[in-house]
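Biologist: Could you take me through this one and tell me what stands behind each label you use? I'll keep asking until the words and the numbers meet.

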Amino acid sequence: MLSACVPTTGFRDIIQHPGKYELIYYGYLQNNPDTYKVSANNKDFFLTKDTVVPSVQSLYLLENTHINEGDEVLDIGTGAGIQAVFAAEKATKVIATDLNPNAVLNTKNNAIYHGVADKIEVRQGDLFAPIKANEKFDVIIFNISYPYDKNSIALWEVHERFFAQVKKHMKPDATIFYQAGWLWNVPKIVAMIENNGLLITKMNMLNMLRLNRQPIVFTIQEAAGARAKARKTVQ
Ligand SMILES: C[S@@+](CC[C@H](N)C(=O)[O-])C[C@H]1O[C@@H](n2cnc3c(N)ncnc32)[C@H](O)[C@@H]1O
């Protein structure tokens, strides 16, 4: 039972973050050394060694993701489930997926810990493979590992597949919140977005060179719909 796992080893590292949310790394639990505790905006998350620890990129995405009351949300590459758990505060339903079966288990446990297991369904698999053809969402959240340079061929391929397939799972007016990871990724990602009939409606970024991080969040919509809406607004 996760709540019985506290206290931790005493390690506590507050990650400097100029945004509004705080990220604290507590380290491994004293009585359960395989379990790591991290707190994001005062919510605790527990994860095993095989699951990626939420980073400043995770927090920055969290801050720049907007969920409306009643939304249906898809969180791809959920990790410890932080995007999914926060989304469940407002969403009617969240589907969280991950390639890593241990991340799936950690997310299920974190959803139980936060009392939102009835709203979050966690599925294992690659990108949209666990999503049925007729499942469509108001919000799609995407923060998987980011390509580092042109040699990150496998990762670029995953991001390309994401943009090629995502429209099939967007409701009209749906929004994607996407973490790009690094500034130098931006031109290639912008091309992928535009080549797939999508439009960036907002870009938020921080330059956290001290932490060797560049959190960048794109808000993305279906291009034709977003342009039509913009035209109506200016008329
Ligand atoms: C950097 S972690 C981010 C976790 C979480 N989204 C967050 O914001 O903290 C990336 C996660 O994406 C998962 N992942 C990587 N490739 C994937 C793929 N092709 N399909 C689904 N999940 C994937 C990894 O297993 C990992 O848990």
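Biologist: How many bridges join strand 5 to strand 6, and do they run parallel or antiparallel?

Modeller: Five bridges join strand 5 to strand 6 (residues 93-98), and the two run parallel. Val-73 sits opposite Val-94 of strand 6. Before we go on: this is a predicted model, where local features need pLDDT of at least 70 and side-chain atom pairs count only at pLDDT 80 or more, while totals for chains, interfaces and linings use all residues. Residues are numbered from 1 along each chain as its sequence is written.

Biologist: What makes two strands a pair, and what makes a strand a strand?

Modeller: Two strands pair if DSSP finds at least two bridges between them. Strands are DSSP runs of E with at least two residues, helices are runs of H or I with at least four, and both are numbered from the N terminus.

Biologist: Why is strand 5 called largely enclosed?

Modeller: Four of the five residues of strand 5 (residues 72-76) are buried, so the rest of the structure largely encloses it. Buried means 20 or more other C-beta atoms within 10 Å of the residue's own, exposed means 12 or fewer, and partly exposed is in between, with C-beta atoms placed from the backbone. In the protein chain, buried residues make up 37% of the 235 residues.

Biologist: Why is Asp-173 called exposed?

Modeller: Asp-173, in strand 9, has 11 C-beta neighbours inside 10 Å, so it counts as exposed. Its C-alpha atom is 7.2 Å from that of Asp-138, 35 residues apart along the chain.

Biologist: And why does Gly-181 count as buried?

Modeller: Gly-181 has 23 other C-beta atoms within 10 Å, so it is buried. It is found in the loop between strand 9 and helix 5. Leaving aside neighbours within four places in sequence, Gly-181 is in contact with Gln-57, Tyr-146 and Ile-216, where contact means backbone-placed C-beta atoms within 7 Å. The C-alpha atoms of Gly-181 and Tyr-146 are separated by 5.6 Å.

Biologist: What puts Ile-144 in the partly exposed class?

Modeller: Ile-144 has 19 other C-beta atoms within 10 Å, so it is partly exposed. It belongs to the loop between strand 8 (137-142) and helix 4. Beyond its neighbours within four places in sequence, Ile-144 is in contact with Ile-76, Gly-77 and Val-158.

Biologist: Back to the sheet: what is the order of its seven strands?

Modeller: The open sheet runs 7-6-5-8-9-11-10, with mixed pairing. Strand 7 (120-124) and strand 10 (198-205) stand at the edges with a single partner strand each, so one side of each has no neighbour in the sheet. On average, neighbouring strands here are turned by 20° against each other, direction ignored. Strand 10 is joined to strand 11 (residues 216-222) by seven antiparallel bridges, and Lys-202 has Thr-219 as its bridge partner in strand 11. Helix 1 (residues 56-64) packs on the sheet, touching strand 9 (170-179), strand 10 and strand 11.

Biologist: How do you know that helix 1 is mostly covered?

Modeller: Seven of the nine residues of helix 1 are buried, among them Val-56, Leu-59 and Leu-62.

Biologist: Why are helix 4 and helix 5 called roughly parallel?

Modeller: The axes of helix 4 (residues 153-165) and helix 5 (residues 186-195) come within 9 Å and cross at roughly 25°. That makes helix 4 roughly parallel to helix 5. The cut-offs are under 35 degrees for roughly parallel, over 145 for roughly antiparallel, 65 to 115 for roughly perpendicular, and oblique for the rest. Axes are lines fitted to C-alpha atoms, for helices over the stretch in contact, with angles from 0 to 180 degrees between N-to-C directions. His-159, Glu-160 and Phe-163 of helix 4 meet Ile-189, Met-192 and Ile-193 of helix 5.

Biologist: Last one: what forms the hairpin with two residues between its strands?

Modeller: Strand 3 and strand 4 do, and Asn-41 in the turn has a positive phi of about 50°. Six bridges join strand 3 (residues 32-40) to strand 4 (residues 43-48), running antiparallel.

Notes
Two residues are in contact if their C-beta atoms, placed from the backbone, lie within 7 Å.
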